[in-house]
Amino acid sequence: MDLKNLRIDGKRLRSTLEEMARIGATPGGGVQRLTLTDEDKQARDLFVRWLKELDLKVTIDEMGNIFGRRPGRSSDLAPVMSGSHIDSQPKGGRFDGILGVMGALEVLRTLHDHGIETERPIDIVDWTNEEGSRFAPAMVSSGVWAGALERDWAYDRTDIEGKRFEDELIRIGYKGDAPAKKWPVHAYYEYHIEQGPILEREGKTIGAPKGIVCLHWYDVYLEGEANQVGPTPMEGRHDALCATAEMILKVEELPARMGGNMVATVGEIQNYPNSRNIIPDKVHFTVDIRSWDDELALDAWDKLRGDLETIARRRGCPIRIEETWRVQHSPFDEKLVQRVLDNAEALGYPSLHMVSGAGHDASYMNQVAPTAMIFVPSIGGRSHVEVEKTSWEDCEAGANVLLHCILQSANEGGRP
Ligand code: GLV
Ligand code: MN
Ligand code: MN
């Protein structure tokens, strides 16, 4: 058959996504499949079963990353790799991450159905803990695999209950034997929902990001003085939560103050003892700063840090700050990005060259291999929420673009 006419099976992709969405389904129509929980294990087990049905060679590494290899005619050539993540946010959506893994699976099933061989092997991957919601930071296992993060540091990350990453990995039975260590990859494609409003607003079906913004994560710990709220006068209090309130507004003001392309967010907060009639004496909160301009984001942090320390001093609340994680902005391989745009055009889908404001494992993969992503629209620009949705037609369109990108890269540079 003329490979140009090859298409994935949109109905099968939909039913695969629907089956996965039942694992960790929430009453509000989303999923809660936090990394290394029982739901994550259940989804992994199903994924591995599906990989085995295609006779793929399954490898699980010491970070719990799951790879499935489809051989090529030349097994000595570097493979093409594609995938994303199975884990979700708490009360997350049914498309973030899983679309990229099931999209790549649908591509492999399509090649299998038609008995199509490629020159290079193809690796499908599920990266452990992309979200970083249970164990910070995000994208930690692609980071270790790429050599950018330390495995033992990752193992020691703890969740809010003090459970260790490595212990949870062992508990769900996904601490594999293979080293989490990069191998040569010819091209990496990650298929994902946009998670923002631009494609829908512009009326485009396919987004080809030129890269991903930088992501900088910080953890702030404040101490105050607890006391009975009734008899304690307002003057002289050291209220850690009031200090935090002032600090959060400084974070919100930061992008406007820096005058550049930036977003800054406090998304997580723990207040202790969290009783309505005790003055709070301990707070932990997070800061997330993103920009295409790494220097601007670092400069913003310097200014913010100064502000936080000033507020803490004035309010008599000792402060401790951890610079938890930084990943630089990640400009993708121009040739592969162009390939995404060209395939969209050849398939008749309107497309857009854009920037990814969301973090993806593609950031770390971009340090290892030529990398590109394929985006499809998020309805209403909503993501990391239960109502996250992408139309089934758009899911199919993105997977068709992925199919042709993978095919072209997998047939490149073979034996003459
Ligand atoms: C990843 O989900 C991110 O925070 O962008
Ligand atoms: Mn994602
Ligand atoms: Mn996400």
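Me: Why does Q195 count as buried?

Reply: The relative accessibility of Q195 is 17%, and buried means under 20% relative accessible area (exposed is over 50%, partly exposed in between, with a 1.4 Å probe and protein chains only), so Q195 is placed in the buried class. This is a predicted model, in which local features need pLDDT of at least 70 and side-chain atom pairs count only at pLDDT 80 or more, whereas totals for chains, interfaces and linings use all residues. Residues are numbered from 1 along each chain as its sequence is written, chains are lettered from A and ligands numbered from 1 in the order in which they are written, and side-chain values use heavy atoms, with hydrogens and water left out.

Me: Where is Q195 found, and what joins its side chain to that of D96?

Reply: Q195 is found in the loop between β5 (187-193) and α7 (198-202), where the elements are DSSP runs numbered from the N terminus (helices H or I of at least four residues, strands E of at least two). The side chains of Q195 and D96 are joined by a polar contact of 3.3 Å, and those of Q195 and S383 by one of 2.9 Å. A polar contact is a pair of N or O atoms within 3.5 Å (within protein, one must be able to donate a hydrogen and the other to accept it, and residues adjacent in sequence count only if both atoms are side-chain atoms).

Me: Why are D96 and E131 called buried?

Reply: D96 has a relative accessibility of 6% and E131 one of 7%, and both values are under the cut-off for buried already given.

Me: How do you know which residues surround ligand 1?

Reply: A residue is near a molecule if one of its heavy atoms lies within 4 Å of it, and the residues around ligand 1 are E130, E131, R290, A358, G359 and H384. Oxygen atoms of ligand 1 lie 2.9 Å from a polar side-chain atom of E131, 2.8 Å from a side-chain N or O atom of R290 and 3.3 Å from a polar side-chain atom of H384.

Me: What makes the backbone at P137, P273 and L36 worth a look?

Reply: Most residues other than glycine have a negative phi, and most peptide bonds are trans. The bond from A136 to P137 is cis, with omega near 5 degrees, and P137 belongs to the loop between β4 and α4. The bond from Y272 to P273 is also cis, with omega near -5 degrees, and P273 lies in the loop between β9 (269-272) and β10 (282-291). L36, which is not a glycine, has a positive phi of about 65 degrees and is found in the loop between α1 (10-21) and α2 (38-53).

Me: Why is L36 called buried, and K91 partly exposed?

Reply: L36 has a relative accessibility of 0% and therefore counts as buried, whereas K91 has a relative accessible area of 48% and therefore counts as partly exposed. K91 is in the loop between β3 and α3, and its phi, near 50 degrees, is a positive value in a residue other than glycine.
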